[in-house]
Amino acid sequence: MLFRMFLRSFFLQAGWNYERFQNLGFAFMLQPALERIYPDREKLKAALLRHLQLFNTQPYMASFVAGNIARMEAAAAASPDPAAALRSMPGVKQALATSFASIGDRIFWGRLKPMTAELCLLTWAACGFSGWLFTGIDTPVPFWLLLAGPLAGIVCYSAFALYWRWKGLEIGYSCGGTAACGLDSADWRRLIRVLSAAGFALALALMLLAFGMMLAANCFVCGYPELLLKAGVVLAVLVLHRISRAFGRSVFFAAGLLLAVSLTLFSVLRLGPFNLYL
Amino acid sequence: MTEWLRVLISAALAGLLGLDTVQAGQFLLSRPAFLGPVLGWLNGCPLEGARLGILVELLYIDFIPVGGVVPPNGTAAAAVAVLAYSCGGIAPSLSFFIGLAAGAAFSPAEYRLRSARSAWGGRIEAEVNSGVFALRRWVAMAMLTENAAMTAYVLAGAGLSVLLARVPGLARLYPGTDFAYSLMPWLGLSGLYFRFRAQIYKKG
């Protein structure tokens with residue numbers, strides 16, 4: 001039963017809508033458990049309708065809630081007064097969904113997902129591929145290397161996500177019934193701090209690596225003033241992004257501004273070509 | 001394989017992998033960094049596909065899909081960028097910016113699809129009430145509509161790119177777009193740096 005719920009958890013967000021969010025996916029995920037708990041079709045119908053109401057959480061962490069709710073449904077079915085046993089369910093479900101959404105968003109969307117891009121770039125850099133930085137250079141690169149970068153991030157990320165998807169179901173089902181069930185299954189605060197530090201270290205390493213690569217590519221082919229100008233252009237991009245973030249603008253603002261300035265200088269005013277990498 | 005068959009397969013693949021964004025899995029197979037080289041390989045330009053993909057990824061990583069937010073779609077962006085280059089014959093630099101715009105423009109379509117599914121709630125409840133518990137069918141229908149929308153969008157993007165490539169004097173834009181494109185890795189890297197720096201200062 002838990003394994004079938006685990007497989008169905010991959011479709012939690014299918015049917016995502018603005019009225020009830022992940023309700024369809026959650027009911028679909030719970031269906032194997034409910035079918036086992038309620039052999040009677042009327043009771044199964046009532047249970048499915050209960051879980052077709054509003055539900056929203058972080059998709060990887062939904063397993064904690066689903067395991068918990070499956071256990072609560074099983075306990076209610078076995079109870080002499082099912083209505084009383086089910087009374088606390090909406091509150092527990094909502095409390096868990098909110099808590100795990102907050103944890104999951106910080107871990108997966110806020111930290112691990114950007115780290116997959118960092119892993120991709122580091123894998124490429126370690127294998128000697130610098131085409132991601134030098135946009136005008138077309139040295140042939142084996143296809144396996146181009147795929148190895150993104151796959152490194154995907155494998156690490158998905159392994160972690162799969163672990164918590166399964167573990168969440170197990171933990172939720174074992175301690176089901178309380179609004180704090182599973183919240184102490186890991187030191188989330190510490191994990192978030194460690195991921196932030198690791199992400200920052202990787203980002204800093206990538207920035208320094210890219211800067212070094214740019215200087216190394218230019219230092220033997222252009223003079224000192226030109227080298228300084230190129231380093232200045234790069235620093236100007238960083239400052240522009242920092243300022244646009246400070247004013248709450250998205251990266252599109254900075255990208256659009258850079259495009260507009262470049263088009264004005266090199267396409268409209270037709271200044272001589274200027275390449276960052278020679 | 002003819003050009004248009006390749007485009008059709010690419011669009012279908014983008015539609016299939018696009019499901020991974022929200023509808024099914026979330027294994028990050030729909031991320032531009034992965035889709036870019038795959039579509040590039042399919043269309044005979046794996047290196048440029050990888051480059052377009054990772055640059056879209058670096059810029060789109062700035063958007064987090066929390067709550068009901070519909071961020072710009074990286075799958076659409078990478079697919080349209082790669083096809084604009086490979087089938088439209090547009091320079092990679094301009095293809096990249098076309099892709100960025102295409103990804104952002106997909107958000108309203110995604111919003112409409114999600115809004116349209118709001119009406120399903122009552123219909124599903126009525127079906128369950130009548131004793132039919134075929135939730136699987138609704139899940140499949142949601143995925144099929146998303147898949148069809150993404151495939152059609154990427155095909156339309158590729159078609160528009162072919163038309164755009166025929167605009168006279170387009171090449172005059174290339175010196176400007178080339179320079180802006182060469183700055184995009186830095187913009188993406190700085191995005192990663194500032195994101196994690198802000199997290200460190202917020203202390204988790």
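# Close-up views of a predicted two-chain model

**Figure 1. The segment that holds A:Arg270.** A:Arg270 is placed in the segment that comes after α10 of chain A. The model shown here and in the following views is predicted. Although A:Arg270 is not a glycine, its phi is positive, at about 55 degrees. The residue counts as exposed because it has 11 C-beta neighbours inside 10 Å, and the cut-off for exposure is 12 or fewer.

**Figure 2. The loop around B:Gln26.** In chain B, the loop between α1 (3-18) and α2 (32-42) contains B:Gln26. B:Gln26 is not a glycine, yet its phi is positive, at about 55 degrees. Is B:Gln26 buried or exposed? B:Gln26 is buried, since 24 other C-beta atoms lie within 10 Å and the criterion for burial is 20 or more.

Figure 3. B:Gly53 belongs to helix α3 of chain B, which covers residues 46-60. With 32 C-beta neighbours inside 10 Å, B:Gly53 counts as buried. When residues up to four places away in sequence are not counted, B:Gly53 touches B:Pro32, B:Ala33, B:Leu35, B:Gly36, B:Pro37 and B:Ala78. B:Arg31 is 22 residues from B:Gly53 along the chain, and the C-alpha atoms of the two are separated by 8.1 Å.

**Figure 4. A:Pro150 and its contacts in both chains.** Helix α7 of chain A, residues 143-174, includes A:Pro150. A:Pro150 counts as buried because it has 29 C-beta neighbours inside 10 Å. Which residues does A:Pro150 touch, not counting those up to four places away in sequence? In chain A the partner is A:Cys120, and in chain B the partners are B:Arg31, B:Ala33 and B:Phe34. A:Ala246 is 96 residues from A:Pro150 in sequence, and their C-alpha atoms are 30 Å apart in space. Within chain A, the highest confidence is found in α7(A), at a mean of 96, and the lowest in helix α5 (residues 82-86), at 86. For chain A the mean pLDDT is 92, with 98% of residues reaching 70 or more.

**Figure 5. The interface between chain A and chain B.** Contacts between the chains involve 81 residues of chain A and 74 residues of chain B. On the side of chain A that touches chain B, at least two residues each come from α2 (23-37), α3 (41-50), α6 (89-126), α7, α8 (188-218), α9 (224-246) and α10 (251-268). The largest share of this side, twelve residues, is supplied by α8(A). Sorted by class, the side of chain A that touches chain B comprises 51 nonpolar, 18 polar and twelve charged residues.

**Figure 6. The bend in α6(A) and the residue that follows the helix.** At A:Leu112, α6(A) bends by about 35 degrees. A proline, A:Pro114, follows within four residues of the bend. Just after α6(A), A:Gly128 adopts a positive phi of about 85 degrees.

**Figure 7. The largest nonpolar core and the surroundings of B:Val80.** The largest nonpolar core contains 139 residues. The residues with the most contacts inside this core are B:Ala79, B:Val80, B:Ala81 and B:Val154. Which helix gives the most to this core? The helix is α6(A), with 13 residues. Domain 1 (2-199) and domain 2 (219-278) of chain A both give residues to the core, so the core lies between them. The centres of these two domains, taken over C-alpha atoms, are separated by 40 Å. B:Val80, leaving aside its neighbours within four places in sequence, contacts B:Ile98, B:Gly99, B:Ala102, B:Val154, B:Gly157 and B:Ala158.

Figure 8. Chain B has eight helices and zero strands. The C-alpha trace of chain B spans about 65 × 55 × 25 Å along its principal axes. Of the 204 residues in chain B, 58% are buried. Among contacts in this chain between residues at least 6 apart in sequence, 74% join residues at least 24 apart.

Terms used
Residues numbered from 1 in each chain as written. Chains lettered and ligands numbered in written order. Predicted model: local features only at pLDDT ≥ 70, side-chain atom pairs only at ≥ 80, totals over all residues. Contact = placed C-beta atoms within 7 Å. Nonpolar A, V, L, I, M, F, W, Y, C, P; charged D, E, K, R; others polar. Bend = angle between axes of the 7 residues up to and from the residue. Core = buried A, V, L, I, M, F, W, Y, C linked by C-beta atoms within 7 Å. Domains from an automatic or database assignment. pLDDT = per-residue confidence, 0-100.
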